[in-house]
Structure formats: C-alpha cells, structure tokens
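Hi everyone, thanks for making the time. I'd like to walk you through one model today, so let me put it up on the screen before I say anything about it.

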Amino acid sequence: MKTKPVGPIPSGYEAINGELAIGGRTASDLVAAAGRTPLFVYSKMHLDQRVEDLRAALPERIGLNYAVKANPHPDVIAHMAPLVDGFDIASSGELAMVQRAGIDAERVSFAGPGKRDDELEAAISAGATLNCESEGEADRSLAIGRKVGKPPRVAIRVNPDFELKGSGMKMGGGAKPFGVDAERVPALARKLIAEGAEWRGLHIFTGSQALSADAIIEAQTNVLELADKLSNEIGEAVPKLNMGGGFGIPYFPGDEPLDLAAVGNALKAHVASLPASLTHSDLCVELGRYLVGEAGVYLCRVIDRKVSHGVTYLVTDGGLHHQLAASGNFGTVVRRNYPVAIATQFESEAEDVVNVVGCLCTPLDRLADAAMLPRAEVGDLVAVFCAGAYGATASPADFLGHGPAAQTLV
Ligand SMILES: *Cc1c(COP(=O)(O)O)cnc(C)c1O
C-alpha cells in the first residue's frame with residue numbers, strides 16, 4: 001500500500017520511557033488518571049508558551065482576545081483568563097461559561113449571527129460588548145437596552161469588501177451572513193450613537209486558518225485602512241478596533257508554521273504610524289486555534305487490529321464523534337492526514353503502514369489513511385495532535401451513542 005504522510009507533530013512534545021509525554025506525564029499515566037479513553041489532554045505549558053510568543057512578537061499596544069468557541073473547556077477558559085486581555089464569545093452559553101470563570105464582562109465581546117433576544121438581554125445586562133451583526137439586531141439591542149434600563153455597549157461587526165487570502169474558512173468579502181456590509185456601517189453607527197448606545201467601535205474579521213504571514217499582513221493593512229475610513233465617515237473615533245485574527249496552525253503534511261515575527265513586525269510599523277482616527281483606539285486581535293490548537297492531544301486506544309484485503313486497520317475507541325476535523329469532515333475538500341502517532345510507541349521506528357479508524361459504523365470515520373507508524377497492537381494508545389481547537393465541542397459526540405471523550409488540562 002502506498003503510504004500517505006501524516007501532518008507535522010507540533011513542537012514541545014517529548015518522550016518519557018519511549019512514550020509520548022504531555023505536561024511531564026506519559027500518555028498511559030494520563031489515561032490511567034482519567035480512568036478511560038478517549039481522552040483530550042490540554043497542555044498548560046503549550047498554552048503559556050503560545051501566549052508568551054505572541055506577547056513577544058506583537059506590539060504591546062495590541063491586545064490579545066481568545067475566541068472561546070475554539071475550546072470552551074472550563075479549565076482552559078480559567079487558565080486563559082489571566083493570560084489574555086479579552087474573550088470573544090458567540091452565544092449566551094459561552095457568556096455563561098466565561099462568567100462562571102469569573103471573567104469581567106468588560107473583557108467580553110459577543111459576535112455571531114442570529115443572537116436571540118434572551119441572549120442580547122443577558123449580554124446587555126452583564127455589560128458585555130455586542131458585536132452587532134445587522135440593522136435588525138441593532139434595533140433589537142436598543143429596544144432591549146431600554147427595557148432593562150441599560151444602554152447596550154455596541155461595536156459593529158463589519159463585512160469587509162476584502163478577505164483573508166488563503167484562509168481555511170472565508171468569513172469576509174461578498175455576500176455573508178456575518179457583519180454589516182461596509183458601506184452601511186456609518187449610517188448604522190450614527191443611529192446607534194444617536195439612540196443612546198455606548199459606542200464601542202468596530203470588529204473586522206476576515207478569515208481563519210491562514211499560514212501565510214503576507215496574507216495576514218495584507219488583511220491587517222486593509223482592516224486598518226477600512227477602520228480609518230469608516231471612523232471618518234461616522235465622525236467619531238473608534239474606541240476599540242478588533243482586527244480579527246486568522247492566524248493558522250500547521251495541520252497537514254507540507255504545512256509550514258506561520259511566521260509570527262513577520263506579522264508582529266508589520267503590526268509594529270502600523271502601530272507607529274496610525275491614522276488620527278485610531279491613535280487612541282484599543283486595538284486587538286482575536287485568536288482561537290492559534291492559542292489552543294497545538295496544546296491539545298486526543299488519545300484513543302487500539303481496540304482491534306485487523307487485515308482486510310491486505311490492508312491493516314487499527315480500530316480505535318476514538319473517532320469522528322470527538323475529532324470530526326481529523327476525519328476530514330469539517331471544512332476540508334481533500335482528506336489529508338492530521339499529525340498522528342502511536343503514543344505508547346512514540347520513539348519506536350515507523351515500520352507499519354496502517355489505516356487508523358474510529359469505532360463508528362461509517363466509512364467517514366478515519367483518523368489516518370495509509371500512515372507509516374510504529375507497529376501497534378491492541379491496547380496501544382493513538383495520539384491525534386492539533387486537537388486543542390474545534391475538537392471536543394465541534395464534533396457530533398452523540399452520533400452512534402458512544403458519548404463524549406474525557407478532557408483534562410495538565
Ligand atoms: C471562529 C472565530 C474566531 C476564531 O477563529 P480561529 O480560526 O480559531 O482563530 C475568531 N473570530 C471570530 C469572529 C470567529 O467567528
């Protein structure tokens with residue numbers, strides 16, 4: 001069988017006694033402590049390191065927001081609370097999660113289409129900033145603000161006329177359910193201000209999962225220009241500009257890490273020559289997977305080893321019900337292998353070409369195709385890396401009734 005490469009294993013994962021270790025503990029030790037597989041392990045060391053790298057590369061002026069939907073595990077949110085400046089949420093459920101972590105609503109902004117009235121009310125009452133997605137939502141926010149006797153704090157999410165090139169998921173440019181078309185933003189902002197909303201500025205998100213520094217730099221340049229133009233048309237300074245994010249991580253063979261220093265240097269140049277409209281603005285980027293993606297490892301156990309027509313299958317107790325993205329069914333066109341390893345044979349020589357599959361009764365449930373890995377037997381543990389973002393909560397855990405994976409932060 002022709003082998004297919006697996007994606008690059010993120011840095012910072014080492015072996016202890018020949019086994020993959022996370023946070024100084026072996027995979028089997030972590031599984032024993034959790035009492036079961038499958039298990040998501042999130043590494044504090046990786047979270048801390050990533051924030052440290054970002055703080056070192058980006059100008060001090062640029063705040064760091066965490067997009068909670070990437071990984072809303074309570075321990076992850078609590079760990080991120082003192083490390084980042086703001087939290088971007090996308091539902092009242094996520095609002096409750098950040099509130100449970102004791103995060104001040106001053107630090108929270110709420111984006112996302114289709115905010116229900118009860119969600120708007122919860123956010124307005126708490127004092128979170130609404131990133132307003134439409135004129136209709138603006139009207140409802142103003143009405144709810146009057147009802148609860150509290151002016152809504154509102155920024156406008158702009159649907160820009162450009163996009164983040166090469167991004168995995170395009171979320172700007174052309175017709176979109178997200179944000180207000182740029183040319184309609186000034187009128188809406190003036191109306192919100194006239195009707196008593198607390199004006200919080202602009203949110204311009206252009207896309208996700210970009211590995212090209214040039215593409216991110218170009219998008220940020222466009223974002224700053226657009227924010228300046230809109231601010232002048234509105235006739236008010238922008239208290240806060242959320243510049244979006246889109247910083248990607250390598251998932252697949254051939255992917256190269258983002259050149260963070262290049263992004264940081266370009267931002268430093270921008271910050272040194274901001275237009276008048278933005279000189280007093282709070283500036284921030286909002287990152288999800290870049291902060292948490294590489295900090296997570298999904299561990300599952302080999303339940304069966306079988307051969308069909310000469311092809312070896314490692315059948316695990318994991319699968320797409322926890323790791324939809326690794327199975328290739330979450331926003332990918334061509335299925336490619338995530339970084340996958342045999343955790344319990346982490347330093348052994350790769351000698352066996354296998355298909356790693358999950359336990360779901362569907363051909364979609366694949367974790368690695370034709371991967372060259374160390375020989376694994378029943379009982380060995382398989383590690384799927386880059387599992388810290390869009391894993392546990394972006395997968396259909398109820399599908400086929402196996403239930404959710406365990407999760408732990410170490
Ligand atoms: C999902 C989302 C993010 C996070 O995207 P990542 O690719 O995980 O960095 C940031 N901002 C908004 C508005 C989003 O919807």
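Let's begin in a loop: H309 sits between β16 (296-308) and β17 (311-316). The phi angle of H309 is near 50 degrees, a positive value in a residue that is not glycine. Is H309 buried or exposed? It is exposed, at a relative accessible area of 83%. For these labels, buried means under 20% relative accessible area, exposed means over 50%, and partly exposed lies in between, with a 1.4 Å probe and protein chains only.

A quick word on what you are looking at: this is a predicted model, where local features need pLDDT of at least 70, side-chain atom pairs count only at pLDDT 80 or more, and totals for chains, interfaces and linings use all residues. Residues are numbered from 1 along each chain as its sequence is written, and side-chain values use heavy atoms, with hydrogens and water left out.

One more backbone point. T37 and P38 are joined by a cis peptide bond, with omega at about -10 degrees. P38 belongs to the loop between α1 (27-34) and β4 (39-42).

Let me zoom out to the whole chain. It has 11 helices and 22 strands. The radius of gyration is 22 Å, which agrees with the value near 22 Å for a compact globule of 410 residues; that radius is taken over C-alpha atoms, and the globule rule is 2.2 Å times the number of residues to the power 0.38. Along the principal axes, the C-alpha trace spans about 70 × 45 × 35 Å. Buried residues account for 57% of the 410 in the chain. Of the contacts with a separation of 6 or more, 73% are between residues 24 or more positions apart, where contact means heavy atoms within 4.5 Å. As for the surface, the chain exposes about 16,300 Å², and carbon and sulfur atoms supply 51% of that. Accessible areas come from the Shrake-Rupley method with a 1.4 Å probe, and for residues only the protein chains shown count as cover.

On to the ligand. How many residues surround the ligand? There are 12, and the closest are K69, S208, G288, R289 and Y390; a residue counts as near if one of its heavy atoms lies within 4 Å. By class, this shell holds five nonpolar, three polar and four charged residues. In that scheme Ala, Val, Leu, Ile, Met, Phe, Trp, Tyr, Cys and Pro are nonpolar, Asp, Glu, Lys and Arg are charged, and the others, Gly among them, are polar.

Looking at individual atoms, a ligand oxygen is 2.5 Å from an N or O atom in the side chain of Y390. A ligand oxygen also lies 2.8 Å from a polar backbone atom of R289, and one lies 2.9 Å from a polar backbone atom of G288. The protein covers 92% of the 390 Å² of accessible area that the ligand has on its own.

Next, please find N65 in strand β5 (residues 62-67). At 2% relative accessibility, N65 counts as buried. Its side chain reaches the backbone nitrogen of G86 at 3.3 Å and makes a polar contact with the side chain of D88, also listed at 3.3 Å. A polar contact is a pair of N or O atoms within 3.5 Å; within protein, one must be able to donate a hydrogen and the other to accept it, and residues adjacent in sequence count only if both atoms are side-chain atoms. Setting aside neighbours within four places in sequence, N65 is in contact with residues including S109, K240, C284 and L291.

Last stop: helix α8, where I234 is located. I234 is buried, at 6% relative accessibility. Beyond four places in sequence, I234 touches V185, P186, A189, R190, I193 and W199.

Key:
Helices (H or I, at least four residues) and strands (E, at least two) are DSSP runs, numbered from the N terminus.
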